[in-house]
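Here is a briefing on one structure. Please read the points below with the model open.

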Amino acid sequence: MDLHENLKGKTVVITGGSGILCREFAYAYAKQGMNVAVLGRTLSNLKKFRDKINELGGNGLAVVCDVVDKDSVINAKKIVNDTFGKVDILVNGAGGNHPKGTTTKEYFEKGDIENPNVVSFFDLSKENFNYVFDLNIVGTLIPTQVFIVDMLDNPGANVLNIASMSSYHAITKVSAYCAAKAAISNFTEWLAVHFAKSGIRVNALAPGWFETVQNKTLLRNPDGSLSERSKKVLAHTPMGRFGVPEDLTGTLLWLTDSAQSGFVTGATIPVDGGFQAYFGV
């Protein structure tokens, strides 16, 4: 991995720090000699990643935090500030989908409403839809409100949000997730404009199809073989494979290193093996 001298010694906060993708973000920053605070809901998991961060040359910190609870985020900021000082970079990695916000079928068919084995559009409850939407949107809004205060009058400070392929095109079954990730891309642009005069850049990373704990049941059959959905995804990914977490780290470091991307703000960068560019013909 290339060294980014401009990042060395800086402090980054990563929400959702125990997720498959975000833990690789943390390790990539650790290799740059950074102070890396990983925030999440399960301390035991976070401690394991903190120890790995230290092994890789960074200074790790594990902080329990609920990103949709402002008091919890404020408390997390105090811990980070007391340990490392002001925050230079915020990665809003907390987010994702929930099975209860997902329809069983791609297309509505007559009889689905009465079928107890089918979750149709009409079975998506307000509570479950809100859970997904809040986790992604409110879980980005609140940490940004809390941590961006440290970035005022802090040259090179920036925020990185996590968007998705569904920020560009609606993906079947996951309606709440699509709505939330489309909002993330738009909110990124809004924040970038709003804080441009303050010298704070705001961008987003849009991963393509990566296998994670959250989407495992959509992409794999119980026996581990590819689901029909996976086959469709790979057929529409010109590079013909799922992404691996390491595919994201080069773009991550570039976007958050102001010495290399100092004139980039309000951008959502796809890392997707060509998925967005391919329309099936």
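The buried residues of α3 are Ser72, Val73, Ala76, Lys77, Val80 and Phe84. Buried means under 20% relative accessible area, exposed over 50%, and partly exposed in between (1.4 Å probe, protein chains only). Helices (H or I, at least four residues) and strands (E, at least two) are DSSP runs, numbered from the N terminus.

This is a predicted model: local features need pLDDT of at least 70, side-chain atom pairs count only at pLDDT 80 or more, and totals for chains, interfaces and linings use all residues. Residues are numbered from 1 along each chain as its sequence is written, and side-chain values use heavy atoms, with hydrogens and water left out.

**Helix α3**

- The arc is that of the directions from the helix axis to the C-beta atoms.
- Asp71, Lys78 and Asp82 are exposed, on the face of α3 turned away from its buried side.
- The cover over the buried residues of α3 includes β1, β2, β3 (59–64) and α4 (126–147).
- Helix α3 runs over residues 70–84, and its 15 residues should span 21 Å at 1.5 Å a residue. Its end C-alpha atoms are 21 Å apart, which agrees. The expected span of a helix is 1.5 Å times one less than its number of residues.
- Aspartate 69 caps the N-terminal end of α3, with a side-chain oxygen 3.1 Å from the backbone nitrogen of aspartate 71.
- Glycine 85 follows α3 and has a positive phi, near 90°.

**Helix α2**

- Leu46, Phe49 and Ile53 are the buried residues of α2. They fall within an arc of 65° seen down the axis, so they line one face of the helix.
- Lys48 and Glu55 are exposed on the other side of α2.
- Elements covering the buried residues of α2 include α1, β2 and β3.
- From first C-alpha to last, the 13 residues of α2 reach 18 Å, close to the 18 Å expected at 1.5 Å a residue.
- Glycine 57 comes after α2, with a positive phi near 110°.

**Nonpolar cores**

- The largest nonpolar core has 31 residues. A nonpolar core is a set of buried Ala, Val, Leu, Ile, Met, Phe, Trp, Tyr and Cys residues joined through side-chain atoms within 4.5 Å.
- Val12, Ile14, Phe25, Tyr29, Val36 and Val91 have the most contacts inside this core.
- The elements giving two or more residues to this core are β1 (11–15), α1 (20–30), β2 (35–40), α2 (43–55), β4 (89–92), β5 (158–162) and α8 (246–256).
- α1 gives the most to this core, with eight residues.
- Isoleucine 14 touches Cys22, Phe25, Ala26, Tyr29, Val36, Ala37, Val38, Leu39 and Val91, not counting residues up to four places away in sequence. Contact means heavy atoms within 4.5 Å.
- Another core lies apart from the largest one; this core has 25 residues, among them Leu39, Val80, Phe147 and Phe195.

**Cysteines**

- A search of the whole structure finds zero disulfides. A disulfide is a pair of cysteine sulfur atoms within 2.5 Å.
- Cysteine 178 is in no disulfide either, since its nearest cysteine sulfur, that of cysteine 22, is 19 Å away.
- Cysteine 22 is buried, with a relative accessible area of 6%. Cysteine 178 is also buried, at 8% relative accessibility.

**Single sites**

- Serine 167 lies in the loop between β5 and α5 (175–194). Serine 167 is buried, with a relative accessible area of 14%.
- A polar side-chain atom of serine 167 lies 2.7 Å from the backbone oxygen of lysine 181.
- Leaving aside neighbours within four places in sequence, serine 167 is in contact with Lys181, Ala182 and Ser185.
- Alanine 183 is in helix α5. Alanine 183 is partly exposed, with a relative accessible area of 22%.
- Valine 119 is in the loop between β4 and α4, and is partly exposed at 34% relative accessibility.
- Valine 119 touches Thr102, Thr103, Thr104 and Leu124, not counting residues up to four places away in sequence.

Notes: A polar contact is a pair of N or O atoms within 3.5 Å; within protein, one must be able to donate a hydrogen and the other to accept it, and residues adjacent in sequence count only if both atoms are side-chain atoms.
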